[in-house]
Amino acid sequence: MSLHYTLSVVQEPKVMSTLLKSIPPQKNGSHPELSKSAALWTDMAKWFGDDIRFILVSLKGVDYQKIEELRLRVGKPLLLRTLDRDLFINQEGEITSPNNAYFIKHEDLACALERMTHSSVYAVEEDLKQGFITLPGGNRVGVAGEVVLQQGKIQTMKHISSLNLRIARDIPGLSQKILPLLLSMAGTVYHTLLISPPRAGKTTLLRDLIRSISNGVPQVGLNGQTVGVVDERGELAGMWQGVPTYDLGYRTDVLDGCPKASGMSMLVRSMSPQVLAMDEIGHADDANAITDALRTGVQILSTAHASSIEEARSRPVIKHLLEQGVFERLVVLSRRHGPGTIDGVYDLRTGRIL
Amino acid sequence: MLVLGCIALIAGCGCLGLWFAHRIRRRPLELRECSMALALLDTEIVWGATPLPEAFCLVKERTDTPWQGFFEELQERLQRGESASTAWKETVIIQNAHFCLKPEDWQIIADVGKGLGRSDRTEQHKQIELVQRQLILMKEQAEIWSGKQAKMWSYLGFLGGIAGVLVLI
């Protein structure tokens with residue numbers, strides 16, 4: 001029997017109703033909703049220099065909740081991406097055609113980077129080497145520019161030419177539908193791998209799973225478990241100077257900014273977690289560390305980039321892990337009906353689709 | 001009446017002289033304090049990779065007035081979202097009334113702001129180190145110079161007062 005579990009956020013009309021739940025009075029007219037959106041844009045605008053800040057503050061007809069990405073490229077128009085559309089924005093904050101849009105200057109990028117790092121580019125050096133910086137609040141900003149090498153190793157990045165601000169979404173309750181499928185009879189969590197193409201909600205789902213496991217869900221017979229999170233990219237907890245932006249549950253310990261390979265063994269030794277969660281495995285070191293961690297009896301919860309089970313099998317590191325039978329459950333996400341669509345949950349031991 | 005006027009004139013000129021002397025003596029002290037603050041800032045940047053607003057806060061706590069006020073203003077400006085180089089430039093202009101430093105000292109100190117926070121740690125370190133070295137040189141010169149000048153001004157005030165009295169009488 002094959003069931004395709006689809007989350008409540010999949011269908012277009014439903015998207016807003018779920019996302020807007022956190023916004024108190026929204027039924028009576030669109031006014032409070034719009035002002036809320038404007039407030040959120042104003043908050044977002046503080047990361048940019050004067051020109052772009054003005055545009056974002058005066059944005060018209062763009063709902064903050066629908067925007068997934070904000071893209072700045074030198075000499076190219078200012079672009080906001082929603083679920084299925086690219087919106088070009090002009091100087092007055094209106095949606096327009098690409099040729100009439102506001103063109104990003106080099107100064108805009110420099111200003112944005114300066115504000116995002118509080119004028120301390122050196123403090124995010126390590127992150128920049130990996131091509132991103134994390135803002136307080138957990139939003140991640142992808143960075144592209146000229147990479148400076150020293151003895152073959154990435155030293156830093158200069159002359160930044162593109163910024164991609166990805167607006168992180170926190171949707172509590174996302175994991176409820178698939179959680180029962182990831183639990184064994186004994187009430188423990190199976191070793192689980194979440195795969196999806198980029199922008200399909202892996203991190204959001206993982207964050208929600210961590211929270212559910214950590215808090216416990218008595219309805220499905222899950223007691224709260226100690227969760228150790230190795231948050232290499234600072235995206236899961238959105239730590240800002242030691243304070244997590246996202247709620248990851250009552251029994252969660254977060255190791256922020258630590259490489260996954262060493263972080264896993266550190267957590268196992270020091271915090272004795274029952275479940276170990278991490279984002280985006282893909283390096284050979286990660287795979288070795290996971291096999292090591294397995295011997296200590298923790299359950300692994302992780303994500304990887306791949307759009308299907310076949311594609312996952314074609315990636316050497318993931319293939320190796322799958323062949324070794326490390327993971328027991330595989331969850332495939334896609335963007336078919338919006339981010340967070342669950343294409344299927346596989347039992348890797350039997351190969352069945354649950 | 002005449003005697004009182006004479007005493008007031010001498011005391012006034014004398015105080016003026018003492019005040020000048022005090023300002024001259026303060027200059028090397030302020031330069032030393034500045035180079036110490038920069039050393040702290042450098043440590044925070046190179047070893048701690050501490051973001052500038054936080055680093056300024058730490059430096060502020062460990063320096064005396066007037067540098068305390070200087071770094072406090074910097075911290076506030078950065079937290080408001082200003083860029084480090086403009087914040088430094090403007091703070092130098094606004095705050096320099098509180099100091100006994102000369103324009104040439106400010107020229108060196110203003111150099112710290114150039115590219116502050118815009119590059120990696122090694123670059124930042126180089127920049128701050130350069131400024132520090134110049135400051136130390138400046139401080140040594142200032143010490144020699146201030147010893148003589150301060151003494152001169154403190155005498156000169158009173159003597160000038162006496163001279164004025166003699167002329168007027």
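Helix 7 of chain A passes helix 8 of chain A in a right-handed crossing (the near helix is turned clockwise from the far one by less than a right angle). The model is predicted: local features need pLDDT of at least 70, side-chain atom pairs count only at pLDDT 80 or more, and totals for chains, interfaces and linings use all residues. Residues are numbered from 1 along each chain as its sequence is written, while chains are lettered from A and ligands numbered from 1 in the order in which they are written.

**Helix pair**
- Helix 7 (residues 260-271) and helix 8 (residues 284-294) of chain A pack at about 15 degrees, axes 8 Å apart.
- Axes are lines fitted to C-alpha atoms, for helices over the stretch in contact, and angles run from 0 to 180 degrees between N-to-C directions.
- Helices 7 and 8 of chain A are therefore roughly parallel to each other (angles under 35 degrees).
- Helices (H or I, at least four residues) and strands (E, at least two) are DSSP runs, numbered from the N terminus.

**Sheet**
- Seven strands of chain A form an open sheet, ordered 4-3-2-1-7-6-5, with antiparallel pairing (a pair needs at least two DSSP bridges).
- Strand 4 (95-96) and strand 5 (132-134) of chain A stand at the edges, each with a single partner strand, so one side of each lacks a neighbour in the sheet.
- Four bridges join strand 1 (residues 67-73) of chain A to strand 2 (residues 79-82) of chain A.
- A:Ile67 stands opposite A:Thr82 in strand 2 of chain A.

**Confidence**
- Chain A averages a pLDDT of 82 (the predictor's confidence in each residue, from 0 to 100).
- Over residues 1-30 of chain A, pLDDT stays under 50.
- Where pLDDT is low, the predicted coordinates should not be read in detail.

Notes. Two residues are in contact if their C-beta atoms, placed from the backbone, lie within 7 Å. Angles under 35 degrees count as roughly parallel, over 145 as roughly antiparallel, 65 to 115 as roughly perpendicular and the rest as oblique.
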